[in-house]
Amino acid sequence: MRRLFHVALRIGIDLGGTKIEGIVLESGREVTRLRVPTPRDDYEATLAAIGSLVSELEARVQGMATVGVGIPGTISPSTGFVKNANSVWLIGRPLVDDLSSRLGRPVRIANDANCFAISEATDGAAAGAAVVFGVIIGTGTGGGIVVRGAPLVGANAIAGEWGHNPLPWPGADDEPAPECYCGKRGCIETYLSGPALAADHMRRAGSTEPVPQIIVRAANGDSDAVQTVDRYLSRAARALAAVINTLDPDVIVVGGGLSNIDVIYERVPRLWDRWIFSAGVGEVARTRLVRARHGDSSGVRGAAWLWPDA
Ligand SMILES: [Zn+2]
């Protein structure tokens, strides 16, 4: 059955290192979803896989859609080519032009953390907020900024990349500063990512445990685990206070695996006032810290919302 009236169809694609996921939003509601393995190390095959995914999704909904793509990297404003991607076979490629010509329509591409922030700012946990800082804390620490519904990309397309700034206000507990894969030491990511939390617990408590187990043991009062979580929350509060001092967002929304740690939302805002300029003098910072509403779906949803006026 052909559609007899216009509805806004938006395809969002999350181009990940192991899978490519696509959804169709119809008037903002997800109507179908498809997932295929990423052809690793093969750029042409990656283009072809995205082309087939779009064809299949449009066949399912019997209509033509706008297409937005989230990538684990960004498009360089100087060259128009992909940069900073951990899917290295995309680096230096004119992905926007190649996908646009393959799909016969303009395609918008954004960093996957920006897509996360767009999703949560559009119809997620930060809906309606003027300035939103979205952070993904999992195997790494990504970030994206949305201002009045639009992504803030920045002159170098790195706005929101807080994870490779140094941990602010370090103390004796934070020494020695861990080495980071980016070549520096003491980056926020080396303290706040999931592997960093587990490594910190290992260094201090001497036991190798997965993060969820450390969290459960802390909740049950185990002293080593309590101290690990306390150190973690202090670091998170300082890292986010520095963001508040710079961007002053209305909402900070957290996604990724570590967004499931409940105590973050209750305790970090109690800790961060100490580090926020002007708070702590009888004033409490108004910034809200919330968990992502769309969970793992925020990447694809935000990619679809790269066309807000479709
Ligand atoms: Zn780093």
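The largest pocket of this predicted model holds about 1,400 Å³ of space. Of the 44 residues that line this pocket, Pro-72, Asn-86, Asp-112, Ile-136 and Gly-142 are the closest to its centre. The structure also has 2 cavities of 30 Å³ or more, and an open sheet of 5 strands. Let's take these features one by one.

**The largest pocket**

- Several elements each give at least two residues to the lining of the largest pocket: the strands β1, β2, β8, β9 (141-147) and β11 (251-255), together with the helices α3 (112-123) and α9 (298-304).
- Helix α3 gives the most to this lining, with 3 residues.
- Which classes of residue make up the lining of the largest pocket? There are 22 polar, 13 nonpolar and 9 charged residues in this lining.

**The largest cavity**

- The largest cavity has a volume of about 60 Å³.
- Its lining is made up of Val-135, Ile-137, Trp-162, Leu-192, Tyr-232, Ala-236, Leu-240, Val-254 and Ile-264.
- By class, this lining has 9 nonpolar residues, with no polar and no charged ones.
- Strand β8 (131-137) and helix α7 (223-247) each supply at least two of the lining residues.
- The largest share of the lining, 3 residues, comes from α7.

**The second largest cavity**

- The volume of the second largest cavity is about 30 Å³.
- Thr-74, Asn-111, Asn-114, Val-153, Ala-157, Ile-158, Ala-159 and Glu-161 line this cavity.
- Here the lining has 4 nonpolar, 3 polar and 1 charged residues.

**The five-stranded sheet**

- In what order do the strands of the open sheet stand? Reading across, the order is β3-β2-β1-β4-β7, and the pairing is mixed.
- At the edges are β3 (29-37) and β7 (107-111), each of which pairs on one side only.
- On average, neighbouring strands in this sheet are turned by 20° against each other, with direction ignored.
- Strand β2 (residues 19-26) pairs with β3 in the antiparallel sense, over 8 bridges.
- You can look for one of these pairs yourself: Leu-25 has Glu-30 in β3 as its bridge partner.
- Strands β4 and β7 run parallel and are joined by 5 bridges.
- Opposite Val-69 stands Ile-109 in β7.
- As a general rule for viewing strands, side chains in a regular strand alternate between the two faces of the sheet.

**Helices on the sheet**

- Which strands does helix α1 (residues 43-61) touch as it packs on the sheet? Helix α1 touches β1 (9-15), β2, β3 and β4 (66-71).
- The direction of α1 makes about 145° with that of β3.
- Helix α2 (residues 95-103) lies across β1, β4 and β7, and it runs at about 145° to β7.

**A closer look at β7**

- Why is β7 described as largely enclosed by the rest of the structure? The reason is that 4 of the 5 residues of β7 are buried, where buried means under 20% relative accessible area.
- Strand β7 is thus an edge strand that pairs on one side only, yet β7 is also largely enclosed, because 4 of its 5 residues are buried.

Methods:
Residues are numbered from 1 along each chain as its sequence is written. This is a predicted model: local features need pLDDT of at least 70, side-chain atom pairs count only at pLDDT 80 or more; totals for chains, interfaces and linings use all residues. Side-chain values use heavy atoms; hydrogens and water are left out. On a 1 Å grid over the protein atoms alone, a cavity is a set of points where a 1.4 Å probe fits but cannot get out, and a pocket is an open set with protein on both sides within 12 Å along at least five of seven lines; lining residues have an atom within 4 Å of a point. Grid points are joined across faces, edges and corners, and a volume is the space filled by probe spheres set on the points. Ala, Val, Leu, Ile, Met, Phe, Trp, Tyr, Cys and Pro count as nonpolar, Asp, Glu, Lys and Arg as charged, and the others, Gly among them, as polar. Two strands pair if DSSP finds at least two bridges between them. Axes are lines fitted to C-alpha atoms, for helices over the stretch in contact, and angles run from 0 to 180 degrees between N-to-C directions. Contact means heavy atoms within 4.5 Å. Buried means under 20% relative accessible area, exposed over 50%, partly exposed in between (1.4 Å probe, protein chains only).
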